Amino acid sequence: MRQDEITKRRTFGIISHPDAGKTTLTEKLLLFGGAIKTAGAVKSNKFGKTATSDFMEIEKQRGISVATSVMGFEYDGYKVNILDTPGHKDFAEDTYRTLTAVDSVILVIDSVKGVEEQTRKLMDVCRMRHTPVIVFINKMDREGQDPYQLLDSIEKELSIHTRPLSWPIGIGSTFKGVYNLFEKQLQLFSPNKSNISEDVFDIENLNDVELDKRIGKDAANQLREDVELIDEIYETFDETLYRDAYLSPVFFGSALNNFGVKELLDTFVRIAPSPLSRETDKREILATEENFTGFVFKIHANLDPNHRDRIAFCRIVSGKFERNKFYYHTRLDKKLRFSSPVGFMANEKSILDEAYPGDVVGLYDTGNFKIGDSLSEGEQLSFKGIPSFSPEIFKELINKDPLKTKQLEKGIRQLTDEGVAQLFVRQPGNTKIIGTVGELQFEVIQFRLLHEYGASCIFQHLNFYKACWFTSTDKVMLNKFITQKSQYITVDKDDRPVFMAESEWYLKVVMQNFPNIEFHFTSEIKKVGDN
Ligand code: G4P
C-alpha cells in the first residue's frame with residue numbers, strides 16, 4: 001500500500017525566465033488534472049509588470065503564493081504535486097530552496113527569446129542537484145527562433161544534452177503542429193481551440209501519403225528530412241539517462257493554445273521519477289522507509305500581523321506523516337505535534353490526516369522552524385542539500401530606534417530564519433549585514449520589521465561582491481587569515497565563518513595568499529550537489 005502511494009507520486013517544479021509561460025502552463029496542467037474548471041483560476045505568482053516595489057503588491061503576492069505554493073492533483077492514477085516557484089528574480093533564493101524539495105523539473109523556454117538570464121541561473125541549480133529536466137519550448141504560435149538553433153543554444157548555454165520527443169512543423173504563422181516522435185503521432189494545431197484531441201493522427205511511417213494530405217507536400221517533405229536529421233544528430237531517448245539528469249527530452253507547443261500540453265503531461269507522469277531518496281548528515285533516507293522523515297524548505301509568515309504564526313512547508317521524504325502524532329525536531333531536540341497540518345490540492349489548502357513521500361504538508365509554526373530543519377520519528381539526522389547561496393547585494397542594517405533594539409534583533413532573526421534574506425554579523429560592534437539577491441527584499445524587511453515588530457531601520461549600501469564560506473584543515477593559516485582579514489570576517493545564521501569579498505579581483509588575491517583555505521559560494525560546503 002505504502003509502495004503504491006510512493007510510486008504514484010510526481011513532485012516537480014516548473015521553472016522559467018519570467019514571461020516564458022510558466023503560469024499559463026501550470027494552469028493548463030491543472031485543467032487537465034481537473035483541479036480547476038476554468039482558465040484564469042491560477043493567479044500569476046509574479047509582481048505587476050510596472051510597479052515592482054509596491055508594498056500592497058508584495059503583501060498581495062504573499063497571500064497568493066501561500067495558496068499556490070503547492071498545487072496537487074490526480075491525473076491518470078498519478079498524484080501530481082506542482083511546487084510553485086516565484087517568478088520575480090529578487091526571490092530567486094526562494095526558488096532555489098524550493099528546488100531542493102522537487103524530484104524533477106519542467107523548464108519552459110520562450111521560442112522567441114530562447115535561453116534567458118533566469119533560465120541559466122535556475123539550470124545551474126538543477127545541474128548542481130542532478131535534477132532531471134524536461135524542456136517545453138513554448139509560444140510556437142509566434143515567429144520564434146529556428147528549432148535547431150534553439151536546441152543548440154540550450155545545449156551550449158545550459159550544459160545539458162537534449163533529445164526532441166516532438167518536432168514542430170513550421171513556426172509562427174506557418175505553424176501547423178508537431179510530430180510526436182515518441183508516439184509516432186501527428187498533431188495538428190488550430191489556434192484558440194481548447195481541445196485538440198480530435199486532431200491527432202497515428203502516422204507510424206513518415207512516408208505514408210496521409211502525411212502529405214494532412215500538412216501539404218512541402219511541409220511533409222521538410223518533416224521527413226528533419227526527422228532523419230534528428231535521429232542522426234541527437235542521442236536516442238533513454239528514460240534512465242533522463243532520470244540520471246544527463247539527457248533532457250524536449251517538447252514543442254503553445255501553452256496559451258493548450259497545444260502540446262497534454263502530451264507533455266502524459267509523458268511526464270510516465271517517465272518522471274517518483275519520490276527520490278535524500279541524503280542526510282548520517283545516511284541516505286529512502287522514500288520506502290517505514291519511519292517518517294521530512295524537511296522544511298520554505299516558511300511563510302502569516303499575513304495578519306495580529307497572528308504571528310507562520311506556515312512551514314515540509315517535504316515528506318519517507319514514511320507516513322500523521323496528524324496529531326509526535327515528531328522529533330532534530331535541531332531543537334524536541335518533540336512537536338501538529339494538530340492541523342494542511343495539505344494542498346488544486347490551489348486550495350485543507351486539513352489533512354496523513355501524507356506520503358513526495359507530498360508537502362503545511363505546518364503551523366510559532367517560531368520553532370528555520371529553513372532546512374529536519375523532522376523524524378526520533379532519529380537524529382539533518383537533511384543536506386539546502387544550502388544558502390552567496391547573496392549579490394549587501395547592506396548594513398542600522399537601527400533607528402534604540403528603544404526597540406530587542407524587537408529589531410528578534411525580528412531580523414525571525415525574518416532571516418524564514419529565508420527572506422541572509423544575515424551576517426561582524427564583530428566587534430555586532431554589525432548586521434543583510435545579503436539578498438534583489439532590492440525588493442530590503443523593502444520587505446523594512447516594512448515587516450516596522451509592522452510586525454515595531455522596529456524601524458534604514459540600510460546603508462556596502463560594496464561587497466560575494467559572501468564566501470571558508471574552511472581549512474590548516475589551523476595556523478586559518479587563524480592567521482581570520483586575524484589579518486578581521487574587518488571582512490562575519491558569521492552566518494548558523495555561526496559559520498564567512499569572508500566578505502569586496503571584488504572578484506580581491507578574492508583572487510586572497511586565495512593566492514592563503515592557498516590552504518578553501519572558499520565556497522554556498523554554505524553547504526561538502527558535496528553541494530548531493531540530493
Ligand atoms: P510566466 O508565468 O512565465 O511569467 O508567464 P505567463 O504564463 O504569465 O505568460 C506570459 C505571457 O505570455 C502572457 O501574456 C501569456 O498569455 C503569454 N503566453 C503564454 N503562453 C503563450 C503561448 O503559447 N503563445 C503566446 N503567443 N503567448 C503565450 P501577457 O499578455 O503578458 O499576459 P496576459 O494578459 O495574457 O495574462
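Cysteine 126 is buried, at 2% relative accessibility, where buried means under 20% relative accessible area, exposed over 50% and partly exposed in between (1.4 Å probe, protein chains only). Cysteine 468 is buried too, with a relative accessible area of 0%. Keep in mind that this is a predicted model, where local features need pLDDT of at least 70, side-chain atom pairs count only at pLDDT 80 or more, and totals for chains, interfaces and linings use all residues. Residues are numbered from 1 along each chain as its sequence is written, and side-chain values use heavy atoms, with hydrogens and water left out.

**Cysteines and disulfides**

- A disulfide is a covalent bond between the sulfur atoms of two cysteines.
- Searching the whole structure turns up zero disulfides, taking a disulfide as a pair of cysteine sulfur atoms within 2.5 Å.

**The chain as a whole**

- The chain has 14 helices and 31 strands; these are DSSP runs numbered from the N terminus, with helices being H or I of at least four residues and strands being E of at least two.
- Of the 531 residues in the chain, 57% are buried.
- Take the contacts between residues at least 6 apart in sequence: 71% of them join residues at least 24 apart. Contact here means heavy atoms within 4.5 Å.

**Helices H2 and H10**

- Helix H2 (residues 22-32) packs against helix H10 (residues 261-271) at an angle of about 70°, and their axes are 10 Å apart. Axes are lines fitted to C-alpha atoms, for helices over the stretch in contact, and angles run from 0 to 180 degrees between N-to-C directions.
- That makes H2 and H10 roughly perpendicular to each other. The cut-offs are under 35 degrees for roughly parallel, over 145 for roughly antiparallel, 65 to 115 for roughly perpendicular, and oblique for the rest.
- On the H2 side, Leu25, Lys28, Leu29 and Phe32 do the meeting, and their partners in H10 are Val261, Lys262, Leu264 and Leu265.
- Sorted by class, this contact of H2 with H10 has six nonpolar, no polar and two charged residues. Ala, Val, Leu, Ile, Met, Phe, Trp, Tyr, Cys and Pro count as nonpolar, Asp, Glu, Lys and Arg as charged, and the others, Gly among them, as polar.
- H10 is mostly covered, with eight of its eleven residues buried. Among them are Glu263, Thr267 and Phe268.

**Spots in the loops**

- Asparagine 258 sits in the loop between strand S11 (247-252) and H10. Asparagine 258 has a positive phi of about 60° although it is not a glycine, and counts as buried at 11% relative accessibility.
- Histidine 130, in the loop between helix H5 (117-128) and strand S5 (133-138), has a positive phi of about 55° and is not a glycine either.
- Proline 428 is found in the loop between strand S25 (422-426) and strand S26 (431-436). The peptide bond leading from glutamine 427 to proline 428 is cis, with omega near -5°.
- Serine 277 is in the loop between H10 and strand S12 (278-279). Not counting residues up to four places away in sequence, serine 277 touches Glu284, Ile285, Leu286 and Ala287.

**Glutamine 185**

- Glutamine 185 belongs to strand S9 (residues 185-188) and is partly exposed, at 23% relative accessibility.
- Leaving aside neighbours within four places in sequence, glutamine 185 has contacts including Val178, Tyr179, Val200 and Phe201.
- The C-alpha atoms of glutamine 185 and serine 166 are separated by 9.2 Å, with the two residues 19 apart along the chain.
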